[in-house]
Amino acid sequence: MYKRQGLPFAVTPGNHDASSGPRFALERELYRAQWLPRRPALDFVDAADYPFNYAFRVHETLFVSLDATHVGHLSAKSKRWLAQLLEQHAPKHRHRVVFSHVPLWPFAVGRERDYLGDHELEAILQRGKVGVVLSGHHHAYYPGYKDGVRFVSQGCLGAAPRALLGTQQPSTRTITVLELEANGDVRIEAYGGAAFDRQVQRATLPAKITAHGATLVRDDLALRPGPSAPGSAPR
């Protein structure tokens, strides 16, 4: 459907289809075999390892897919690749967005130990001035800031929505929409409901999430005083 609509579909590997664990080598090869011939018509910056670690640009935005499919630190090879990519290409772009499956920090009940927790990776993101890091796996929407980077956990579209840490009600099924502005702002909103037309109000989300020594502050509360609306990047 996305192809018929002329919409490029940029995948990133997950634990159910391309886990890097040795027991899942066949699934990983099937993932590669399925997506290589479906590579979208994008302006790729680096596609040598598509559909795992790769990067492309859309206008003034650099998008980077990370091969993060397992709990624990990202591989040294992937971190070297990311650091070199950002050093070379990040300064050429107004926005830098990284997306992967397993998050850097935990967001959801029942997934408290399912995260990367990789401080070296976090430092690479900070040095590369990455503004937004999108992740899945936790099945709960939350936009939070930690040390200058906005980490956004995606809600699920299918089974098993989860409650955010510190809450009891499962998150609603949502899609996330990013608006990348020419002035440098990034507006992020999530939409739920049967037609995905009901905007998730930030006041319904926890003011902060803390787990394993990491605290993420809800993005609207991390804003500095100024005219930016909720969902915009801090100035």
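In α2, the buried residues are S78, K79, W81, L82, L85, L86 and H89. Seen down the axis of α2, these buried residues fall within an arc of 160 degrees, so they line one face of the helix. On the other side of α2, K77, R80, Q84, E87 and Q88 are exposed. These assignments, like everything that follows, are read from a predicted model.

The helix has 14 residues and reaches 20 Å from its first C-alpha to its last, which is close to the 20 Å expected at 1.5 Å a residue. The cover over the buried residues of α2 includes the strands β1 (43-49), β2 (53-58) and β3 (61-65), together with helix α3 (119-127).

## The nonpolar core

The largest nonpolar core has 56 residues, and those with the most contacts inside it are V64, L82, L121, L125 and F151. Helix α2, spanning residues 76-89, supplies the largest share of this core, namely four residues. Once its neighbours within four places in sequence are left aside, L82 is in contact with V64, L66, L121, I124 and L125. In soluble globular proteins, nonpolar side chains tend to be buried together.

## Helix α1

In helix α1, which covers residues 25-35, the buried residues are R28, Y31 and W35. Viewed down the axis of α1, they fall within an arc of 55 degrees, so they line one face of the helix.

## The sheet β8-β9-β10

Three strands form an open sheet in the order β8-β9-β10, and their pairing is antiparallel. The edge strands are β8 (175-180) and β10 (198-199), each of which pairs on one side only. Strand β9, made up of residues 186-192, is joined to β10 by two bridges, the two strands running antiparallel; G192 stands opposite R198 in β10.

## Backbone features in the loops

The peptide bond from Y50 to P51 is cis, with omega near 10 degrees, and P51 lies in the loop between β1 and β2.

Positive phi values are found at H137, with a phi of about 75 degrees although the residue is not a glycine, and at F196, another residue other than glycine, where phi is near 50 degrees. H137 has its place in the loop between β5 (132-135) and β6 (142-146), and F196 is located in the loop between β9 and β10. With a relative accessibility of 7%, H137 counts as buried, whereas F196 is partly exposed, its relative accessible area being 30%.

Methods:
Residues numbered from 1 in each chain as written. Predicted model: local features only at pLDDT ≥ 70, side-chain atom pairs only at ≥ 80, totals over all residues. Heavy atoms only, no water. Core = buried A, V, L, I, M, F, W, Y, C linked by side-chain atoms within 4.5 Å. Buried < 20%, exposed > 50% of the residue type's maximum accessible area, 1.4 Å probe, protein only. Contact = heavy atoms within 4.5 Å. Pairing = 2+ DSSP bridges. Expected span 1.5 Å × (residues − 1). Arc of directions from axis to C-beta.
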